[in-house]
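Here's a quick briefing to read with the model open. Take a look at the fold, then work through the points below.

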Amino acid sequence: PTGFSNSLLLTNTTGGAIGTNLNFLVQYIEGYNIADLAWGTSSAKTITLSFWVKSSVTGTYGVGLFTTNASGSSYVGTYTINSANTWEYKTVTIPGDTGGTWSTDNNAGMYVCWDLGEGPSRSTTAGSWNNATTNFGLTGGTKLASTSGATWYITGVQLEVGSAASPFENRLYGTELALCQRYYTVGNSAATGGANLSAFIPSGDTQRQFYIYFKQSMRTAPTMGYAMVS
């Protein structure tokens, strides 16, 4: 849509009965980033999810929030795609959860889940909190995964405190990059193009030692993958 240069596209190749299948798009949100919501207390704040969406299949879809804690909660809201293959702006307002347990550390604190074909055992009615963290699909909702060749686009997603959506916040590219580097970073031993990994102290024919410089503090102790290039 106007104002956005990219979107995420999901294409369903072969449709069929949903059964017990799970078909959804999920975004994890770190616990530190939801601590101010005070969820799980009597002071829980209302939030609003907004996004642009386009699909070849019209109908009422589900979008849910949930936590995977043992004393967790889940909530399913709805949005409607009125016209096929047309960008539409949607907002979903969700009351704060006064029960349940929400992580407020560096673990996943909240899951935002768009239902694209959740089976009956993972679906529920919309509009209220429940204590089943596995119910984040919409009972009776449109299930994109059942339609062969169906397409679904999304962009401009924003989640914020309050009962109304504000205009999409376009952050500076450098700010967005730094936020991403908290979760993932890349470098190479050739030290070209601003790489952050440089070779240090060759030791024999089979060993090499490296310094790795992280551009940002990582969310947790990282794991590392590597590829040897001759």
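Two strands count as paired if DSSP finds at least two bridges between them, and strands (E, at least two residues) and helices (H or I, at least four) are DSSP runs numbered from the N terminus. This is a predicted model, so local features need pLDDT of at least 70 and side-chain atom pairs count only at pLDDT 80 or more, while totals for chains, interfaces and linings use all residues. Residues are numbered from 1 along each chain as its sequence is written, and side-chain values use heavy atoms, with hydrogens and water left out.

**The sheet**
- Four bridges join S4 to S7, and these two strands run antiparallel.
- Look for Leu65, whose bridge partner in S7 is Val112.
- Zooming out, five strands make an open sheet with antiparallel pairing, in the order S2-S7-S4-S5-S9.
- S2 and S9 are the edge strands with a single partner each, so one side of each has no neighbour in the sheet.
- As background, strands of a sheet pair through backbone hydrogen bonds, either parallel or antiparallel.

**The nonpolar core**
- A nonpolar core here is a set of buried Ala, Val, Leu, Ile, Met, Phe, Trp, Tyr and Cys residues joined through side-chain atoms within 4.5 Å.
- Buried means under 20% relative accessible area, exposed means over 50%, and partly exposed is in between (1.4 Å probe, protein chains only).
- The largest such core has 28 residues, and those with the most contacts inside it include Trp39, Phe51, Met110 and Trp152.
- Elements that give two or more residues to this core include S2, strand S3 (47–55) and strand S11 (151–161).
- S3 provides the largest share, four residues.
- Tyr79 is another of the residues with the most contacts inside the core; beyond four places in sequence, Tyr79 touches residues including Phe51, Val92, Trp114 and Trp152 (contact means heavy atoms within 4.5 Å).

**Aromatic pairs**
- Rings of Phe, Tyr and Trp (its six-membered ring) pair if their centres lie within 6.5 Å; planes under 30 degrees apart are stacked, over 60 edge-to-face, and the rest tilted.
- The structure has 14 aromatic pairs.
- Phe24 and Phe136 are edge-to-face, because their ring centres are 5.3 Å apart and their planes sit at 75 degrees.
- Phe24 is in strand S2 (residues 24–30) and Phe136 is in the loop between S9 and S10, so this pair ties together parts 112 residues apart in sequence.
- Phe24 is partly exposed at 33% relative accessible area, whereas Phe136 is buried at 4%.
- Tyr75 and Trp129 form a tilted pair, 5.2 Å centre to centre with 50 degrees between the planes.
- Tyr75 belongs to strand S5 (residues 74–81) and Trp129 to S9, so this pair links parts 54 residues apart in sequence.
- Tyr75 is buried at 7%, while Trp129 is partly exposed at 22%.
- Ring pairs also join Phe24, Tyr28, Phe66, Tyr111 and Phe136 into a cluster.

**An exposed loop residue**
- Asn131 is in the loop between S9 and S10 and is exposed, at 70% relative accessibility.
- Asn131 and Ser74 are 57 residues apart in sequence but 6.3 Å apart in space, C-alpha to C-alpha.
- Setting aside neighbours within four places in sequence, Asn131 is in contact with Gly72 and Ser73.

**Cysteines**
- With a disulfide taken as a pair of cysteine sulfur atoms within 2.5 Å, the count is zero.
- Cys113 is buried at 0%, whereas Cys180 is partly exposed at 43%.
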